[in-house]
Amino acid sequence: MAAESTQRLRRTMHLAYLRLRDFRNYGRLDADFEPGFHLLLGDNAQGKTNILEAIYLIATLRSFRGVGGAPMIRHGQKGYFVGAKIVSQGEHEVKMYWSAQERSLSLDGRPVQKLTDYLGVLRTVVFCTEDLQLVKGPARARRRFMDLLLSQTHSTYLPLLQRYTQALRARNALLRQPIVDPVALEGFSRELVRAGDEIIRLRRELVPRFSPLAQEAHHRISAGAEALRLEYQPSVKSDFTTELAQSAARERSYRSTVIGPHRDDLQLLLADRAAAQFGSEGQKRTLAIALKMAQADYVTGIHSAPPVLLIDDIMGELDAKRRAGFLPLLERAHQARGQVFMTATEANWPEDLAQESLGWRVERGTLVKQAGSSG
Amino acid sequence: MPVIPQPVTHLVAALAKLPGIGPRSAERIALYLVQAESGSVRQLADTILDARDRVRLCEICGALTEQSPCAICSDARRDASLVCLVERPVDILSIEKSGTFHGKYHVLGGKISPLDGVEPEDLNIAGLERRLKQEPIKEVVIALGTDVEGDATGFYLAKRLARDGLKITRIAHGIPAGSGLEYADEVTLSRALEGRREMAP
């Protein structure tokens, strides 16, 4: 009976096909993908990362390179098209088109009205060099990480965050006016606090649940070198309304809202010292990857299905020991019949994974299945 | 060398300014119009002008009407002690369709939205304050949207309109009729809990 229930709980999610038209350096791409481990091999600047970018775009409607729509359009073209089929509990077909004048997004042939109806159709976790910003970058990078974790696991988090952001922007616009109407300001303060309190609560609950996974991943990949601790640092210490009122003088001089979840941070401590300040480059890199591994574990745990892993050329950054710590994640994804896309150049491709993988060769905007790879 | 004649380009530009009409639709409509039978186009133009000439805002409540005061404001059977505050004239139609409100209306003409430069003084609040002095109004029902601006505007109005002998209420918001709690987000649920009501035994 136990076996039967595990069987029923085992869910999977994978990208079954990808269509690109005028996306980055792809004029036209039609590729079918099985579940499993896909290795995208090719020289630099051939378009390996662009495929990961397109998959991530389907999942989040954003580029992990942090750019808007225009740079993703193929040079000299008007707009790009990305289409996909995602197989999980059911099958979903996604089509998106983006140009300067026109953008559209449809799910199963119907235009998407609300973002919350769409997000979650495909879940991905990306590993890329930009991840280092999680450790080295400003608090904004870590807030965005918490937001990403919560919106991937909590269907109501995104509308809450949007509402908070709306209240914050309106409130800041009021504070910039020469004469601030106190009653109008109070109206927006109430909205800010209402949404903000929920955000703080959800972030506060997230960190102790996420920490053990991050510690475990970090332990695995750094071979237990230093103890990792994650600490949520809310900008609001105890009562948002009171502290907001107390900040009135500072608000007036900065002409913007100076306290609230938009000023939160997630402290990363290695052996009780701030990793950003005291860690070595290697330690920071290891920590960034550990956080992403933990994200994959966390999302898997909540949805009982591993997210699609997108791994952009990070094997080159890891020494043999750390690479060994990373492999169990891929191993687990493989066992759970998850899907992994990983880019590598000839020089640094992980031979240890080669037998189990489906090979693709990427060359000047084409993707060709390699002969001899097992399916 | 222009492929499309200039009058068509001008028409496309004018149509594209209309709400809900993008450049593509504007082009399609313009090309249709310039090829349509001239009588039917003239009739459309006349209908537009006629509607614009005959419809105006009610001087009392701000509703769309042919005659001012509007039919609702001049209806003696309506409860004059009850006024429902809405954002746009079209909101009156929605509430009227429900058939459950028998008071009068007041159209605010927007909501406080600092990001779009809309301040309290840009809204028709002074008109309502005048009505509070002149009419036997005992209750104002605030029926604005539940987005951030709608809620903040509601709060603002509750404070500004407060005076002796006047009850200010807000329409309930919360769980949509016929849906389960699991689909409601935190903000909606916390609203619904705030607005809870005692049940008759």
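This is a predicted model: local features need pLDDT of at least 70, side-chain atom pairs count only at pLDDT 80 or more; totals for chains, interfaces and linings use all residues.
Figure 1. Chain A is divided into domain 1, made of residues 1-123 + 307-375, and domain 2, made of residues 130-305. The centres of these two domains of chain A, taken over C-alpha atoms, are separated by 28 Å. Where the domains touch, domain 1 of chain A contributes 22 residues and domain 2 of chain A contributes 22 residues.

**Figure 2. The area buried between the domains of chain A.** The size of an interface is often given as the accessible area lost when the parts come together. Between domain 1 and domain 2 of chain A, about 1,900 Å² is buried, and carbon and sulfur atoms give 62% of this area. On the side of domain 1 of chain A, the residues that lose the most area to domain 2 are A:Arg123, A:Pro307 and A:Arg322. Together these three residues account for 31% of what that side buries.

**Figure 3. Polar pairs and helices where the domains of chain A meet.** Between domain 1 and domain 2 of chain A the count is 0 salt bridges. There is 1 residue pair in polar contact across this interface, with both residues at pLDDT 80 or more. On the side of domain 1 of chain A that touches domain 2, helix H3 (115-118) and helix H12 (320-335) of chain A each supply at least two residues. The largest share of that side comes from H12(A), with 7 residues. Sorted by class, the side of domain 1 of chain A that touches domain 2 has 11 nonpolar, 3 polar and 8 charged residues.

**Figure 4. The overall form of chain B.** Chain B has 7 helices and 6 strands. Along the sequence of chain B, these elements follow the pattern α-α-α-β-β-β-α-β-α-β-α-β-α. The domain assignment of chain B gives domain 1 (6-54) and domain 2 (72-198). A distance of 36 Å separates the centres of the two domains of chain B, taken over C-alpha atoms. The C-alpha trace of chain B spans about 75 × 45 × 35 Å along its principal axes. The radius of gyration of chain B is 22 Å, whereas a compact globule of 201 residues would have one near 17 Å.

**Figure 5. The contact between chain B and chain A.** The contact takes 21 residues from chain B and 23 residues from chain A. The area buried between the two chains is about 2,100 Å², and carbon and sulfur atoms give 64% of it. Which residues of chain B lose the most area to chain A? They are B:Val148, B:Phe155 and B:Glu186, which together make up 30% of what the side of chain B buries.

Figure 6. In one salt bridge, the side chains of A:Arg163 and B:Asp151 meet at 2.8 Å, N to O. Helix H6 (148-161) and helix H7 (186-194) of chain B are the elements that give two or more residues to the side of chain B that touches chain A. H6(B) gives the most to that side, with 7 residues. By class, the side of chain B that touches chain A has 10 nonpolar, 1 polar and 10 charged residues.

**Figure 7. A salt bridge from a loop of chain A to a helix of chain B.** Over all chains the count comes to 35 salt bridges. A salt bridge joins A:Glu102 and B:Arg24, whose closest N and O atoms are 3.3 Å apart. This pair crosses between chains. A:Glu102 is in the loop between strand S5 (91-99) and strand S6 (103-107) of chain A, and B:Arg24 is in helix H2 (residues 23-35) of chain B.

**Figure 8. Two backbone details.** Most residues other than glycine have a negative phi, and most peptide bonds are trans. The peptide bond from B:Ser68 to B:Pro69 is cis, with omega near -5°. B:Pro69 is found in the loop between strand S2 (64-65) and strand S3 (79-86) of chain B. In chain A, A:Asp22 has a positive phi of about 50°, although A:Asp22 is not a glycine. A:Asp22 is placed in strand S1 (residues 14-23) of chain A.

Technical notes. Residues are numbered from 1 along each chain as its sequence is written. Chains are lettered from A and ligands numbered from 1 in the order in which they are written. Side-chain values use heavy atoms; hydrogens and water are left out. Domain bounds come from an automatic or database domain assignment. Contact means heavy atoms within 4.5 Å. Buried area is the accessible area (1.4 Å probe) that two parts lose on being put together, summed over both. A salt bridge is a side-chain nitrogen of Lys or Arg within 4 Å of a carboxyl oxygen of Asp or Glu. A polar contact is a pair of N or O atoms within 3.5 Å; within protein, one must be able to donate a hydrogen and the other to accept it, and residues adjacent in sequence count only if both atoms are side-chain atoms. Helices (H or I, at least four residues) and strands (E, at least two) are DSSP runs, numbered from the N terminus. Ala, Val, Leu, Ile, Met, Phe, Trp, Tyr, Cys and Pro count as nonpolar, Asp, Glu, Lys and Arg as charged, and the others, Gly among them, as polar. The radius of gyration is taken over C-alpha atoms; the globule rule is 2.2 Å times the number of residues to the power 0.38.
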